[in-house]
Amino acid sequence: MPHDLAALLARAPVIPVIAIEDAGLAEPLAAALVEAGLPLIEITLRTPAALDAIRAVARAVPGAVPIAGTVLDERQIAASLDAGAQMIVTPGTPLALAEALAGCGVPVMPGCASPGEAMALSRLGFNALKFFPAEASGGPRWLSAIAGPLPHLVFCPTGGVTLANAPDYLALPNVACVGGTWITPKAALQARDFAAIGRLAREAAGLKGR
Ligand SMILES: O=C(O)C(=O)C[C@H](O)[C@H](O)COP(=O)(O)O
């Protein structure tokens, strides 16, 4: 994997995944996550506020690495980069999207859920992949099994990962980190309870990576 991506993924065992409805929350939220030890922050492009949220984090939160998540097409790559995303993640990666990502200029973690998808992405030069949806697709057993034929790949399992099952993933040699929404519960975000989010983030940051 590109050196800069390896260095990024080594910075924290967990990438918080956020669906944000109010871009005004992005700055204090990201500051709380960085302060707690989770500098990589995936903001999913599932809400109208997402691009403004990425822009706010990129501009105003030192130390944060804003990641655009749920990138589904080429147009969203350009919009993410324009907003200041420093990395891109996709839930799945059709060939046209993978080819556009290969030349996009920032580290990318494309999503896959099968050996064939992982192999196709590896051929395009992607060797750190999001495994999504992790729990529904086979969880740690899938990851252990794929390490046999594809030992050069590392994964960020996401989808159904929690504080309780994250250690099972992080113990695997081909898991670089995990992603999940459990660090930023919707109710805590709506209540602007950044202290509670900070506690969840510190707990996550304390998980042992490889
Ligand atoms: O669409 C994307 O690009 C995503 O990032 C999907 C999210 O990773 C999962 O939805 C995580 O959700 P949880 O299972 O609640 O942790």
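Select G206. G206 counts as exposed because it has 11 C-beta neighbours inside 10 Å; exposed is 12 or fewer other C-beta atoms within 10 Å of a residue's own, buried is 20 or more, partly exposed is in between, and C-beta atoms are placed from the backbone. G206 sits in the segment after α11 (194-205). Helices here are DSSP runs of H or I with at least four residues, strands are runs of E with at least two, and both are numbered from the N terminus.

This is a predicted model, in which local features need pLDDT of at least 70, side-chain atom pairs count only at pLDDT 80 or more, and totals for chains, interfaces and linings use all residues. Residues are numbered from 1 along each chain as its sequence is written.

**Stop two: α2 and α11**

Colour α2 (residues 26-36). Then colour α11 (194-205). The axes of α2 and α11 come within 8 Å and cross at roughly 35°. Axes are lines fitted to C-alpha atoms, for helices over the stretch in contact, and angles run from 0 to 180 degrees between N-to-C directions.

Which residues of α2 and α11 meet? On α2, pick P28, L29, A32, L33, E35 and A36. On α11, pick F194, I197, G198, A201, R202 and A205. Contact means C-beta atoms, placed from the backbone, within 7 Å. The residues of this contact divide into nine nonpolar, one polar and two charged. Ala, Val, Leu, Ile, Met, Phe, Trp, Tyr, Cys and Pro count as nonpolar, Asp, Glu, Lys and Arg as charged, and the others, Gly among them, as polar.

**Stop three: α2 and α3**

α2 passes α3 in a right-handed crossing. A26, E27 and A30 of α2 make the contact with A53, A56, V57 and A60 of α3. By class, six residues of this contact are nonpolar, none is polar and one is charged.

**Stop four: the ligand**

Show the ligand. It is surrounded by 14 residues, and the closest are T70, P91, T158, G180 and T181. A residue is near a molecule if its C-beta atom, placed from the backbone, lies within 6 Å of it. The shell holds five nonpolar, nine polar and no charged residues.

Zoom in on T70. T70 lies in the loop between β3 (65-69) and α4 (74-83). Phi of T70 is near 55°, a positive value in a residue other than glycine. T70 is partly exposed, with 18 other C-beta atoms within 10 Å.

Go to R192, in the loop between α10 (186-190) and α11. R192 is not a glycine, yet has a positive phi of about 55°. With 14 other C-beta atoms within 10 Å, R192 is partly exposed.

Next, select F132 and P133. A cis peptide bond joins them, with omega about -10°. P133 is in the loop between β7 (128-131) and α7.

Finish at G138, in the loop between α7 (134-137) and α8 (139-146). G138 is partly exposed, with 17 other C-beta atoms within 10 Å.

Definitions and conventions: Left-handed = near helix turned anticlockwise from the far one by under 90°. Contact = placed C-beta atoms within 7 Å.
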